[in-house]
Amino acid sequence: MEKGINNEHSCVDCGTQNCKYKNRTYPEFCLTTNLDESDRLWALEKYEEFNNKAIMIASAEVEYEGYCKWTRVQEIMEFAHKINAKRIGIANCIGLINEARIFAKILRANGFEPFAVICKVAGQSKTSVGIPSECENIGAAMCNPILQARLLNQANTDLNVVIGLCVGHDSLFYKYSNAYVTTLVTKDRVTGNNPAAALYTANSYYNKKFFKKAIE
């Protein structure tokens, strides 16, 4: 084991998942059994704030009603209906403009009002914000997730949908969006936008790539 790394156990190390099944044994390190009561009550109180309870109820209903039947596109529309979201913001990567157009077309056909802001909005150069110049070798214009969020805020969107924003850029968009955000597409240029594929092949094709240090 590498020195200096904290390998504290958490939910990924649990083999019982008794928090769901209720008929098994919790491990000693279980976050549920070691939970501070004030944290549990804090979370429950937060569900009473703003529209959080409506979001939770709508989410559970969509999960139940569309379980293994609805695509993510359908789930988003059903969710939007339940929370009375009509104006749907789209924060998309320029590389997924076609996917964003198709999604907008579907939204319009189902009575929604899509409003999209592309990642390269404003055409700002990467070096203008301190990004190393070599990063411009794959394109001079920076992605602008904070501005995407601001423009969608100004458009008074009821719900924002992310389509393929880069790792980190999506983090900034989530942070500055006033409306609740859900993700339709997670970009992965290597796997055809199916990032879970790398997990499914972590013990085969990608084993040496992901676990090289452990092997050495």
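Q: Among contacts between residues at least 6 apart in sequence, what percentage join residues at least 24 apart?
A: This is a predicted model, in which local features need pLDDT of at least 70 and side-chain atom pairs count only at pLDDT 80 or more, while totals for chains, interfaces and linings use all residues. Residues are numbered from 1 along each chain as its sequence is written, and side-chain values use heavy atoms, with hydrogens and water left out. Contact means heavy atoms within 4.5 Å. Among contacts between residues at least 6 apart in sequence, the share joining residues at least 24 apart is 51%.

Q: In what order do the elements of the protein run from the N terminus on?
A: Helices (H or I, at least four residues) and strands (E, at least two) are DSSP runs, numbered from the N terminus. The protein has 10 helices and four strands. Their order is α-α-α-α-β-α-β-α-β-α-β-α-α-α.

Q: Which strands are the edge strands of the sheet?
A: Two strands pair if DSSP finds at least two bridges between them. The four strands form an open sheet with parallel pairing, in the order β2-β1-β3-β4. Pairing on one side only marks the edge strands, β2 and β4 (180-185).

Q: Which residue of β3 is the bridge partner of G89?
A: Strand β1 is joined by six bridges to β2 (residues 113-118) and by five bridges to β3 (residues 159-163). In β2, the partner of G89 is F115. In β3, the bridge partner of G89 is N160.

Q: Why is strand β1 largely enclosed by the rest of the structure?
A: Buried means under 20% relative accessible area, exposed over 50%, and partly exposed in between (1.4 Å probe, protein chains only). Strand β1 (residues 87-92) is largely enclosed because, of its six residues, the number buried is five.

Q: Which handedness has the unit made by β1, α5 and β2?
A: A crossover is right-handed if, with the strands pointing away from the viewer, the path from the first strand over the helix to the second runs clockwise. Helix α5 lies across β1, β2, β3 and β4. The β-α-β unit of β1, α5 (residues 97-109) and β2 is right-handed.

Q: What is the orientation of α3 to α4?
A: Axes are lines fitted to C-alpha atoms, for helices over the stretch in contact, and angles run from 0 to 180 degrees between N-to-C directions. Helices α3 (residues 52-65) and α4 (residues 72-82) pack at about 140°, with axes 9 Å apart. Angles under 35 degrees count as roughly parallel, over 145 as roughly antiparallel, 65 to 115 as roughly perpendicular and the rest as oblique. Therefore the orientation of α3 to α4 is oblique.
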